[in-house]
Amino acid sequence: DAGITQSPRHKVTETGTPVTLRCHQTENHRYMYWYRQDPGHGLRLIHYSYGVKDTDKGEVSDGYSVSRSKTEDFLLTLESATSSQTSVYFCAISELEGRGTDTQYFGPGTRLTVL
Amino acid sequence: GQNIDQPTEMTATEGAIVQINCTYQTSGFNGLFWYQQHAGEAPTFLSYNVLDGLEEKGRFSSFLSRSKGYSYLLLKELQMKDSASYLCAVRDRDYKLSFGAGTTVTVRA
C-alpha cells in the first residue's frame, strides 16, 4: 500500500468553525489531491497540487483552501464549515513518470460531520 | 469536463459473471480507470485502458472503445468478497481524474 495517512480520521464540528484536514505521504510523489465523496455524486475533486506551493482548483473548490509547504504534506482548510460540507474526504497521490498506468493512490479518508 | 455514467446497482450470484458498463463524454481523453471500493474504505486501483480493446487481469477484465466513449468492467467467477462499489474514472489531458457515481455490486450466495 502507498504510504498515505490522513488526520483526523473522524471529526465532528459546528457550523462556522474553521477545520483543517491533513494528508501526509511518505512516497515523495509530486501530485496530491483532495476529493470529497457523497452519496449519488461519486468522488469530486476539490483542489490538487502539482508541487510545493503549486496548487489549483478542482470542480468543487468553493469554501475550501489548501496549502502545500512540503512535498509530504497537503492541508485542506474549511474556512467556515457549513452543513453542506459534511462528507468523507479522501486524499490521493500520484507520480506521473510517463508510464500510461500512472494512477492515483488514496488515503484512508476522513469522515467530517458539520452540525 | 467529463460526464460519466454507470448503473447504480447490480446483483449477481456467486460464481457468475457481471458486466458493469461506463459511458463518458470528455473534452480530452487520457485514459480510463476502474477502482474498487468496499464500504467504509478507500478506493483501490483495478485496471487501466488507454487504447481500444480488452485488458485482462485475472478474474477482472476491462474493455474500452474510445470512438463510442464506452468501457466495461467484467468480473468473472464472482466471489462474496467482490461485493463492493466499482468506480469508473476518466483522466483528462491535465491528468485530472473525474469519477462516475459508482456501481454497487451485490453478490448473493
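Let me start at the boundary between the two chains: across the interface of chain A and chain B, two residue pairs are in polar contact, both at pLDDT 80 or more, where a polar contact is a pair of N or O atoms within 3.5 Å, one able to donate a hydrogen and the other to accept it, and where residues adjacent in sequence count only if both atoms are side-chain atoms. This is a predicted model, in which local features need pLDDT of at least 70 and side-chain atom pairs count only at pLDDT 80 or more, while totals for chains, interfaces and linings use all residues. Residues are numbered from 1 along each chain as its sequence is written, chains are lettered from A and ligands numbered from 1 in the order in which they are written, and side-chain values use heavy atoms, leaving out hydrogens and water.

Staying with the interface, 20 residues of chain A are in contact with 16 residues of chain B, contact meaning heavy atoms within 4.5 Å. The area buried between them, that is, the accessible area (1.4 Å probe) that the two parts lose on being put together, summed over both, is about 1,500 Å², and carbon and sulfur atoms give 60% of that. On the side of chain A, the residues that lose the most area to chain B are Leu43(A), Thr103(A) and Phe106(A), which together make up 27% of what that side buries. As for salt bridges (a side-chain nitrogen of Lys or Arg within 4 Å of a carboxyl oxygen of Asp or Glu), the count between chain A and chain B is zero.

Finally, Leu32(B) touches, among others, Tyr24(B), Tyr48(B), Leu64(B) and Cys88(B), with residues up to four places away in sequence not counted.
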